[in-house]
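Work through the exercises below with the model open. Try each task before you read its solution.

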Amino acid sequence: MKRILITGASSGIGLEAARRLVSSGHQLTLLCRSSERGQQTRAQLLAAGATSSQVTCLVADLADLGSVQSACDQLQERDEPLDALVLNAGQQRAGATAPVWSPQGIEITFAVNQLAHQLIATGLLPLLRAGSQPRVVITASDVHNPATGGGRVGQPADLGDLAGLRAGAGFVMLDGKARFDGDKAYKDSKLCNVLLGRELDHQLAGAMPVLTWSPGLVIQRSREGFFRHNRQSNPLGMALFALVARDLLRVTESVATAGGLLADLITDPAFGSSGFNYWSNRLVRPGMHRFSAAQTSAEAADLAKAGELWRLSQALIETTHQTATPSFKDQST
Ligand SMILES: NC(=O)c1ccc[n+]([C@@H]2O[C@H](COP(=O)([O-])OP(=O)(O)OC[C@H]3O[C@@H](n4cnc5c(N)ncnc54)[C@H](OP(=O)(O)O)[C@@H]3O)[C@@H](O)[C@H]2O)c1
């Protein structure tokens, strides 16, 4: 039995992984954006056969550093070791023409996908070090890599010299560009996720597995799921994209298989070698994916950039989260 903390288990890949993990007898702590979302997820897992003591939900709106810190404080107070830290939550707003701001005035894709996860990792590494055969798993994406199919559509991921992040809260793009591109902001955040894995591995000095991975393109049939914001901004375009990609070309992965891969990464001894690794679930031909170890992009292998991203992010966390700007609050999700 493993004690597992996971973000983003209320929907999609994370929910499917959570179902499998509870049915294998593992103990889950879920960080969910609200108590309502936590209760819904808990009910779904109980319906899937989990026992009441197997699932604990804590509120952490990952858009809000204050909410994330408060969840970390509660976990530190409990002082229960963790055997796996799973940083899986994410959102994208590819169709958005202007940034949405977090309560701290940070572009929300970066705030949720990366910054919150760095704060969680910082706060919970001591609990993880105390765990049994611990590991870190981070859900990134092949779109971080401009050499992959998804990564080369539209503007490629590129953090430049991190001029935006260097300037502090209120930056529009991490590379300092003033024009918002929601699709690139997402790709950049996934590049940051891989760099977060590199930096954590560096700080842990190879003491445990740090697994970053890409699930492939997963388009759920429900109104929820990863493309929910795109559906709102472009319902017809998104319906057509889903029909073509999922049903005609069959280039998507099922949420069940992607969730199963995440559960394996968290618990399977086959993924237990220490150190950084990147795994990718790549399309081989229509209807068929292959999950294997893969190279990251050159930028995602830049250890100096990983360290600089960590330091600048840490400074942003320290300067903003004591001084939330109320005017940004009503735009957060
Ligand atoms: N789907 C794909 O094609 C694809 C491809 C490559 C990588 N990924 C990555 O896979 C991961 C999981 O995505 P998915 O496909 O399972 O999408 P999903 O169904 O939309 O799940 C995303 C999860 O993140 C949580 N989340 C988002 N914003 C949050 C916030 N402010 N506070 C707390 N939790 C928040 C969501 O919570 P709520 O349910 O409360 O919103 C949900 O549990 C993401 O990191 C994504 O970038 C997905």
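Helices (H or I, at least four residues) and strands (E, at least two) are DSSP runs, numbered from the N terminus.

This is a predicted model: local features need pLDDT of at least 70, side-chain atom pairs count only at pLDDT 80 or more, and totals for chains, interfaces and linings use all residues. Residues are numbered from 1 along each chain as its sequence is written.

**Exercise 1.** Find the buried residues of helix 3 and say where they lie around the axis.

Step 1. Buried means 20 or more other C-beta atoms within 10 Å of a residue's own, exposed 12 or fewer, partly exposed in between; C-beta atoms are placed from the backbone.
Step 2. L65, S67, V68, A71, C72 and L75 are the buried residues of helix 3.
Step 3. They cover an arc of only 165° around the axis, so they sit on the same side of helix 3. The arc is that of the directions from the helix axis to the C-beta atoms.
Step 4. D73 and E77 are exposed on the other side of helix 3.

**Exercise 2.** Is D247 buried or exposed?

Step 1. Locate D247 in helix 8 (residues 235-248).
Step 2. D247 has 11 C-beta neighbours inside 10 Å, so D247 counts as exposed.
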